[in-house]
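Thanks, everyone. I will keep this short, so please have the sequence and the model open while I talk.

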Amino acid sequence: MAASIRTTIISQFEQVAAEQRHKLASLTDERPLMESGLDSLAFAIVVARLEDSLGIDPFSASEELQFPVTFGDFIHMYEKMYENATT
Amino acid sequence: MPRRRTASLWESLARAGLERGRSLCATDTSITLAELESGSALGNRLSELRDRSVLVSTSDQLAAALALIELDGIARRLVLCPSDFDRAHLPYVLATAEIDAIVTDTPAELSGFGVACVMPCHRAVHRQAVDRSARHDTEWILFTSGTTGVPKMVVHTLATLTGAIKPAGSLAGPVVWATFYDIRRYGGLQIFLRALIGGGSLLLSDAGEPVSAFLARATEHGVTHITGTPTHWRRALMSPAARALSPEYARLSGEIADQAVIDHLQSTFPEAKVAHAFASTEAGVAFEVTDGQAGFPSSFLARDGDDVDLKVQDDTLRIRSSRTALRYLGDGSESLLDAEGFVDTGDVLERRGERYHFAGRRGGIINVGGLKIHPEEVEAVINRHPNVRMSLVTARKNPITGAIVAAEVVLALGAEPCIDALTVERTKAEILETCRSALAAHKVPASIRIVNALAVTPSGKLGRRNA
């Protein structure tokens, strides 16, 4: 499942970037999110769409959220919550 | 003994003529106005209601219509309860309006509220002698539309309610009005009074009646003038029954009329004069726009010789005229008029060139990361798509920007009973494309959901959770 969460996230980044006419940086795990090429609106849309497709929103789930810094953190946050939600 | 300063409703409608053709038509019966010359719907008990503060609460619009005609000038105050009125608020209304009589077609339901006089009202006129001499400039109390929670009561008189109505004879030929509205709300009451004072007839809608059945009745009765909200019309124009109708005049009011609904109405009724009007329970009837364009010319703000003054202050439309309500009823109610006598409508205006456009309600704003959006602006763009019948734009909570824009869309099926999935996806993509080319990025819906229907409030407006 972990692989498919990564795929889902990458495809949402790509789709939203295309819709918003943003140039997406290559999405390596080390890439800081601030440099991914998405602005906060695009980022907000990605989070909303992921909630629709995966049924989870890690940003709203916890009050003591460690805000992800890199793209890898972001994916890990979703994978972890998805595991917790399905086990 | 009080003396009435202006003609009563009965006097005004009698002055317009009591020809046999003039009537009030319900689904199953109709009453000619002439019957009221020598009869009453209140049995022989009308005199008991003199000088009283009367709550008119009927399930049926015809019964209410007859009671209102009979009671103006007789009662000191009339409180108009629409059919959807929440009985939980009844004790508050009875106390605040100092009600000492209830007129109703369901007396058993209203006898337990401590009002001694609960008088049955019929949807038929019984022959008898009636004393219609008017003594009061009766207060007409209306509930504001879209009210949730404790109802806000607005005080009008027949004079403020009829300020925009031209007398009989100003229209050629027999006029038959119809409205999707409940006549106990401001928009419907205007049409009721217009029909009575202007010398016409009125076709009454019924809360449980399907739109297509109402349109078929309108066609059968030869309706010439018909009014409703843009939401009413978007639903009505979905019905093939609308095409059989050929009104001389079709009007939109109560919500923002966007270009798509104006154009759609005009193309469905090519012979009709299509108008959109601005009116509200508090501000009264302000103006009518007849040039077929959304919004209104900025020159309206500087019109001389008109008895309505308009101004824009803090981006909202303010109205001063003899047609505004007098005040809110109840202790501690806020003031309805500002120091200069203007009503703040709460409707936000945006100037584009020589025209003002309604942007939406103040307070109905979606805030996306600090950028403000009026849902109505986005809906107007979505509604331009030919496959779209109506849409609702809402705020969707978002952890990054606070909110993002979400849209629900009802598709126009036209002749096809169902649209295939491919067409739906293509339509969604086209809507987004239109939005992207017409709107700033933060206003473009982040998600579009196709729905079968959208909630409509009892006053015929699109249901907005925050409105």
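First, the conventions. Residues are numbered from 1 along each chain as its sequence is written, while chains are lettered from A and ligands numbered from 1 in the order in which they are written. This is a predicted model, where local features need pLDDT of at least 70, side-chain atom pairs count only at pLDDT 80 or more, and totals for chains, interfaces and linings use all residues; side-chain values use heavy atoms, with hydrogens and water left out.

Start with strand E14 of chain B, residues 249-253. Helices (H or I, at least four residues) and strands (E, at least two) are DSSP runs numbered from the N terminus. Is E14(B) buried or exposed? Five of its five residues are buried, where buried means under 20% relative accessible area, exposed over 50% and partly exposed in between, with a 1.4 Å probe and protein chains only. B:Tyr249, B:Arg251 and B:Ser253 point one way, and B:Ala250 and B:Leu252 point the other. In general, side chains of a regular strand alternate between the two faces of the sheet.

On one side, E14(B) pairs in the parallel sense with strand E13 of chain B, residues 225-228, over four bridges; two strands pair if DSSP finds at least two bridges between them. B:Thr227 has B:Arg251 as its bridge partner. Between E13(B) and E14(B) the chain passes through helix H8 of chain B, residues 230-236, in a right-handed β-α-β crossover. Right-handed means that, with the strands pointing away from the viewer, the path from the first strand over the helix to the second runs clockwise. E14(B) also runs parallel to strand E15 of chain B, residues 273-280, with five bridges, and B:Arg251 stands opposite B:Ala275 there.

Next, an antiparallel open sheet in chain B, with five strands in the order E17-E22-E21-E19-E18. E17 (296-297) and E18 (308-313) each have a single partner strand, so one side of each is left without a neighbour in the sheet. E18(B) pairs with E19(B), residues 316-321, over six bridges, and B:Lys311 stands opposite B:Arg318. The charged end of B:Lys311 also sits over the ring of B:Phe342, 4.3 Å from its centre. The rule for that is NZ of Lys or CZ of Arg within 6 Å of the ring centre and within 35 degrees of the ring normal.

How many aromatic pairs are there over all chains? The count is 19, taking rings of Phe, Tyr and Trp (its six-membered ring) with centres within 6.5 Å; planes under 30 degrees apart count as stacked, over 60 as edge-to-face and the rest as tilted. A:Phe13 and A:Phe74 have centres 5.5 Å apart and planes at 85°, so that pair is edge-to-face. A:Phe13 is in helix H1 and A:Phe74 in helix H4 of chain A, 61 residues apart, and both are buried. B:Phe287 and B:Phe300 are also edge-to-face, at 5.4 Å and 75°.

Last, helix H10 of chain B, residues 375-382, has seven of its eight residues buried. Among them are B:Val378, B:Val381 and B:Ile382. The elements covering the buried residues of H10(B) include strand E25 (388-398) and helix H11 (421-438) of chain B, with contact meaning heavy atoms within 4.5 Å.
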